[in-house]
Amino acid sequence: MTRVVLLGASPGPDTSPTGLRLAALPGEPTVAERLRSQLSSLDPQLATIATGDVAAALRALADVAESATESLLIIPDNSVVHDELIYQITKTKRGALALVAKEPRPETAEEEAQEDSVPIDEAEPEIGLSRVEGLPVRARVGKSRVVSVGTAHHGVTRPNAVMLGPLHISARNAPVLAETCRQLAAMAHTFGADDDLVQLVVFGLVRNGVSVGIRGRRDLFYRRVTTQEEVNEAGAEMAGMDEDRARLNNAVKGADGFFTTYFVSTYSRYIARWAARRGLTPNQVTLISIALGVAAAVCFATGDRPWMVLGGVLIYFAFVFDCVDGQVARYARKFGVLGAWLDATFDRFKEYVVFAGLSIGWVVSGNSDSIWILALAALGLQSVRHLLDFSFGVANRRKPPAKLPTVALDAPDDRDLRQALVRRKVERSQGLRGVLKMWTKAGKFRAVHWARKMIVFPIGERFAAIAITAAFFDARVTFLTLVIWGSVAAAYTLTGRLMRSLV
């Protein structure tokens, strides 16, 4: 569950979304009706906070945060937004996430070079005077999180973005949100009339050391509206965007390996949509994948070349449907413990039953039964890798999040915060941290990015290796490929995890 907090301006004929109708949408709902309908599935009893009095609004938000036992979604009540965008924001795994819009500057390469020539630790704080989406630009964002936020009387270095409105806070950060809001309420007299409440909250969270992640609108729609003309524009623009396509694209995991990205996900998403629209569940798709994997093993067990080729084709499509089941779950939003367990367990089952099929086919073809030694080596190596993967994942989840620098809320600018961030950056660039950071930065080169993806021998590459070597060569080549590549992958991942465990 998610606790939803609607932030509303003082009621008035020009500012209240109550009477503003989205004529471009079916039924011509008002902005308020549509937003409440979208959010009711998250929280049937929406909390509403009037923002006319900033101090009172902050205290009310603190009260909600103090009593919250689940994550919170804070959103202005005059928001026109796609359902899919709400879903993605609320499903984030980050402790805090804000929807942002970056200022469209600089416009020329010369201006960009000139701006980048000024180090952030030497730049002077400033009060944002430009506006984006009607909001003053008073935030500095990096690639993944909010770096600094200012107000009408608190300078921020090189502001380049605004907080659009939706802000998601995890349950673990709810106490910090409550304390931050009370601190902000006590200094409400220092804020300006055009200070947005959401930006004020993010201002306080960042200065109190909370890592606030960022997300842009990308291929989805969000806009705040205050007049009927803005509503008409928003409705027409939103109706012209393909939300279903965005939802389908987002059903595909963005961190897949090379083979999965270019040889499966390019079309598997359309199979997922077809399956979801016909009522197939993710578990049913998983069963199709299992059946194809078993059929591939049976083909391999014959030892005949035509059947080996067919087995390679079948194991490939077994992996395709293994991807489809997750995509169906994300597209149809059907998740369950059983499905997650089936997916993780039977991925291993398909691999191991194929190992058995390949070994049987090798022996029935009149070859030595020593193939079982290679099969057991491949199975043992892969089992150890899975054990290390799961154990490291569990241990890593117990690791407390890294602490960010803090600065007093009443500091007139972000100089102290920037200096602390510079010191932190220097510390993190030394020793093992420095090596890991350099390797991470190397990922910006496409060749390095995909090399790092492939070297760990993910499931897509493993199934591809099995399919290709079994179809064109023999079981011995398949197992040697799995053992050699798997050993390199194990050494690489174990080294990286040891290094990460020591920093």
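A salt bridge here is a side-chain nitrogen of Lys or Arg within 4 Å of a carboxyl oxygen of Asp or Glu. This is a predicted model, in which local features need pLDDT of at least 70 and side-chain atom pairs count only at pLDDT 80 or more, while totals for chains, interfaces and linings use all residues. Residues are numbered from 1 along each chain as its sequence is written, and side-chain values use heavy atoms, with hydrogens and water left out.

**Stop 1: salt bridges**

The count comes to 19 salt bridges. Select Asp244 and Arg277. Their side chains meet in a salt bridge, 3.1 Å from N to O. The pair links distant parts of the chain, 33 residues apart: Asp244 sits in helix α8 (residues 243-250), Arg277 in helix α10 (residues 265-277). Helices are DSSP runs of H or I with at least four residues, and strands are runs of E with at least two, numbered from the N terminus. Asp244 is partly exposed at 24% relative accessibility; Arg277 is exposed at 54%. Buried means under 20% relative accessible area, exposed over 50%, and partly exposed in between (1.4 Å probe, protein chains only).

Now select Arg182, Asp63 and Glu66. Asp63 bridges to Arg182, with the closest N and O atoms 2.5 Å apart. Asp63 lies in helix α2 (residues 54-67) and Arg182 in helix α5 (residues 174-186), 119 residues apart. Arg182 also forms a salt bridge with Glu66, at 3.1 Å from N to O. Glu66 is in helix α2 as well, 116 residues from Arg182. Asp63 is partly exposed at 42%, and Arg182 is partly exposed at 30%.

**Stop 2: an enclosed helix**

Go to helix α3 (residues 83-90). Seven of its eight residues are buried, so α3 is largely enclosed by the rest of the structure. The buried ones are Glu84, Leu85, Ile86, Tyr87, Gln88, Ile89 and Thr90.

**Stop 3: a hairpin**

Select residues 139-141 (β9) and 146-149 (β10). These strands pair in the antiparallel sense over three bridges; pairing requires that DSSP finds at least two bridges between two strands. Four residues lie between β9 and β10 in this hairpin. Ala139 stands opposite Val149 in β10.

**Stop 4: a nonpolar patch**

Finish with Trp307, Val309, Leu310, Val313 and Phe317. Together they make a nonpolar surface patch of about 400 Å². Patches take residues with over 30% relative accessible area and no salt bridge, joining like charges within 9 Å and nonpolar side chains (Val, Leu, Ile, Met, Phe, Trp, Tyr) within 5 Å. Accessible areas come from the Shrake-Rupley method with a 1.4 Å probe; for residues, only the protein chains shown count as cover. Trp307 is in helix α12 (residues 305-332). Trp307 is partly exposed, at 43% relative accessible area.
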